[in-house]
Amino acid sequence: GFALQYRIGQLYMISKHSHEQSDRGEGVEVVQNEPFEDPNHGNGQLTEKRVYLNSKLPSWARAVVPKIFYVTEKAWNYYPYTITEYTCSFLPKFSIHIETKYEDNKGSNDSIFDKEAKDLEREVCFIDIASDEIPERYYKESEDPKYFKSQKTGRGQLKEGWRETHQPIMCSYKLVTVKFEVWGLQTRVEQFVHKVVRDILLIGHRQAFAWVDEWYDMTMDEVREFERATQEATNKKIGIFPPAISISNISMPSSTRSAPSSAPSTPLSTDAPDFLTVPKDRPRKKSAPETLTLPDPSK
């Protein structure tokens, strides 16, 4: 069925994208990827990755982080329900928790997460792979669903309003929770992370769509083999070096610890949005007098 197709396409995209984005000392290292069983959700796949990010960070964050650091991504995938958790090697108060559900519809289920999130403030964002803007440096015409046309399936060239008429269609629903309990930076970091997550989802789904002819004929076994071979190549490409930081197991609330996590995601790489940059005209602190008289060396 189409749900299986979507899943194969997503797994293919994640592996290929991670490989493309990785370079020596940068990118996504797969630490474990193995079957996992949960009493509530049944059989799934547990994937743990380290996303090395040094040069990908905005300048305001680079100033405060160690030279070698990584984000740990743990994903429990019980398709069509997945949970992903991100924690950071040196920021115990920082975590991102993403729950994902997939359904065969065009995004029309407004109450898909109601049980999980009754008391949370929520903002709903629609992501449209055809018409939403992506950061310019990620744009490739060959990966633009407005222009791409699949040879094998005839899908593509998504025009305005495609969601109403296009078949087959799947929707990926995500509930993203960001925690960063540091006074003064909380809002800024949370907004930044939501923007990064949104960009990643948009780019990844555009690629999964535009690469359809590469994965369309694959079976689940074949895509798992592709994933294994690509991860091996990616780990080699990064060149694993001894970490300069020891990772502690950051304890999460017990309700989330046993939860599953979502399909492995792509490296976080985006510039800080405008609202995070320091205003140019901010008055400088004066620690010295305006004029300073120095003795004339010629005298």
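**Entry 1: strand β4**

I looked up the β4 surroundings and found that a hairpin joins β4 to β5 through 5 residues. The model is predicted: local features need pLDDT of at least 70, side-chain atom pairs count only at pLDDT 80 or more, and totals for chains, interfaces and linings use all residues. Residues are numbered from 1 along each chain as its sequence is written, and side-chain values use heavy atoms, with hydrogens and water left out.

I took strands as DSSP runs of E with at least two residues and helices as runs of H or I with at least four, numbered from the N terminus. Pairing requires at least two DSSP bridges between two strands.

β4 and β5 (residues 94–103) pair antiparallel over 7 bridges, with Thr84 opposite Ile98. On the β3 side (residues 70–78), I found 8 bridges, also antiparallel, and Trp76 opposite Ile83. The β3–β4 hairpin has 2 residues between the strands.

I then checked burial (buried: under 20% relative accessible area, 1.4 Å probe, protein chains only). In β4 (residues 81–88), 8 of the 8 residues are buried, so the strand is largely enclosed by the rest of the structure. One side carries Tyr81, Ile83, Glu85 and Thr87, and the other Thr82, Thr84, Tyr86 and Cys88.

Conventions:
Buried means under 20% relative accessible area, exposed over 50%, partly exposed in between (1.4 Å probe, protein chains only).
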